[in-house]
Amino acid sequence: MKFSQTLAILIASALLFFSVRFLSNSDGTGRVIDSTKLLMGSFVQIKVPIYGRVDERSGKKAIDKAFEEIARLEALFSAFKEESELSKINRMNANETFKPSAEVFDLIERAIEYNEKTKGAFDITVKPLVDLWARSKNEKKLPSHADIKKELTRIGTRYIILDKLNKSVSFNREGVKIDLGGAAQGYATDRAIKVLKENGIENALVNLGGDMYCMGRKSKDEPWNVGIQHPRNKNKLFFEVRLEDKAINTSGDYEKYFILNGTRYSHIIDPRTGYPVGGNVVSATIIDDDSTRADMLATALCVLGREGLGAVESIKGADAILIIKDKGALKIEMTRGLRERYAVQEK
Ligand code: AMP
Ligand code: MG
């Protein structure tokens with residue numbers, strides 16, 4: 001997700017980019033370090049409340065380490081850096097082998113696992129189609145059915161061969177490419193939280209272009225309060241949830257979409273048809289124990305729509321909120337029990 005199309009915004013957080021600020025909590029209960037940097041093509045905001053064992057100096061040091069970690073991951077996962085491990089993987093011919101670092105291997109393996117758990121909706125081999133639709137956006141011309149059919153022959157995680165012993169990757173078909181755009185930011189969010197913890201932080205909020213993790217509490221008396229933007233009015237909130245040690249991640253049709261001949265084309269592709277997701281899903285929000293899975297599931301749920309709610313319910317720790325178009329109005333649908341668990345407040 002890109003910040004410019006941000007979906008989830010933090011309540012009462014006026015951002016000051018590339019900076020560190022010390023300010024009082026909106027409720028006046030304490031001070032919070034609020035720091036933002038541009039990384040992985042998004043604004044990354046980290047907030048650390050100053051209470052308990054954390055003072056300004058230790059909080060700031062931990063935040064710097066978390067930013068360094070995200071920069072390290074950007075070098076591994078970037079689709080835009082020629083020397084990233086992902087770019088090296090995508091330059092492989094069929095049956096060539098590449099041994100990435102263990103964490104790149106593990107993320108690919110996890111993405112393949114969630115391809116199965118989402119009935120094929122989350123599919124990192126979707127890249128040739130993502131590229132085809134990106135060209136179509138630039139040239140303002142829709143791809144032909146024949147072009148889409150051709151690209152579909154290279155889509156499918158069965159074309160990725162993982163050697164679990166050597167931790168190496170190969171493709172068994174020419175032209176297969178991996179897109180981690182639906183998982184890498186979530187992964188980086190989890191890693192940033194891990195680094196904060198290793199540096200003594202127990203309460204923090206990491207917001208990586210809309211992929212968020214709320215660690216601990218905002219203050220002794222209050223959990224983190226996260227507002228989800230109205231999908232058709234970015235100055236308005238649609239709902240709020242209260243979170244403690246949870247990730248929250250939203251994917252929607254109001255992110256990197258484009259409009260051609262009056263039709264809105266989403267940046268999320270249905271890997272089964274080759275077309276951008278249409279239908280009645282406006283956005284999918286996942287609340288989960290970790291941000292990597294929340295990222296993957298939010299993308300998948302945009303493809304699956306309300307039929308995907310059952311799949312999310314079967315995953316322990318995961319919950320979903322869908323915003324659906326229904327006879328011209330926007331409607332919320334969610335997994336069972338979510339409203340009570342997270343004190344959802346519709347706005
Ligand atoms: P997100 O904003 O997290 O939903 O991720 C969307 C990004 O993931 C897109 O910009 C593509 O790079 C990639 N993507 C698009 N469709 C899919 C899909 N069906 N499965 C996995 N990744 C996808
Ligand atoms: Mg995602």
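This is a predicted model: local features need pLDDT of at least 70, side-chain atom pairs count only at pLDDT 80 or more; totals for chains, interfaces and linings use all residues.
How many nonpolar, polar and charged residues does the lining of the largest cavity have? Residues are numbered from 1 along each chain as its sequence is written, chains are lettered from A and ligands numbered from 1 in the order in which they are written, and side-chain values use heavy atoms, with hydrogens and water left out.

A cavity is, on a 1 Å grid over the protein atoms alone, a set of points where a 1.4 Å probe fits but cannot get out, whereas a pocket is an open set with protein on both sides within 12 Å along at least five of seven lines; lining residues have an atom within 4 Å of a point. A search of the whole structure finds one cavity of 30 Å³ or more, and the largest cavity has a volume of about 50 Å³. Its lining has seven nonpolar residues, two polar and one charged, and includes K117, T118, L297 and I315. Helix α7 (291–304) gives the largest share of this lining, four residues, and α8 (309–313) also supplies at least two.

The largest pocket holds about 1,200 Å³ of space, and the space taken by ligand 1 is this pocket. Of the 45 residues that line the largest pocket, V130, D179, G181, K256 and H267 lie nearest its centre. The largest share of the pocket lining, seven residues, comes from α4, and the helices that each supply at least two residues include α1 (56–77), α6 (184–198) and α7. By class, the pocket lining divides into 22 nonpolar, 11 polar and 12 charged residues.

Around ligand 1 itself there are 18 residues (each with a heavy atom within 4 Å), and the closest are D179, S251, I269, D295 and T299. This shell has eight nonpolar, five polar and five charged residues. Taken alone, ligand 1 exposes 500 Å² (accessible area by the Shrake-Rupley method with a 1.4 Å probe), and the protein buries 96% of that.

How values were computed
A molecule sits in a cavity or pocket if more than half of its atoms lie within 2 Å of its grid points. Ala, Val, Leu, Ile, Met, Phe, Trp, Tyr, Cys and Pro count as nonpolar, Asp, Glu, Lys and Arg as charged, and the others, Gly among them, as polar. Grid points are joined across faces, edges and corners, and a volume is the space filled by probe spheres set on the points.
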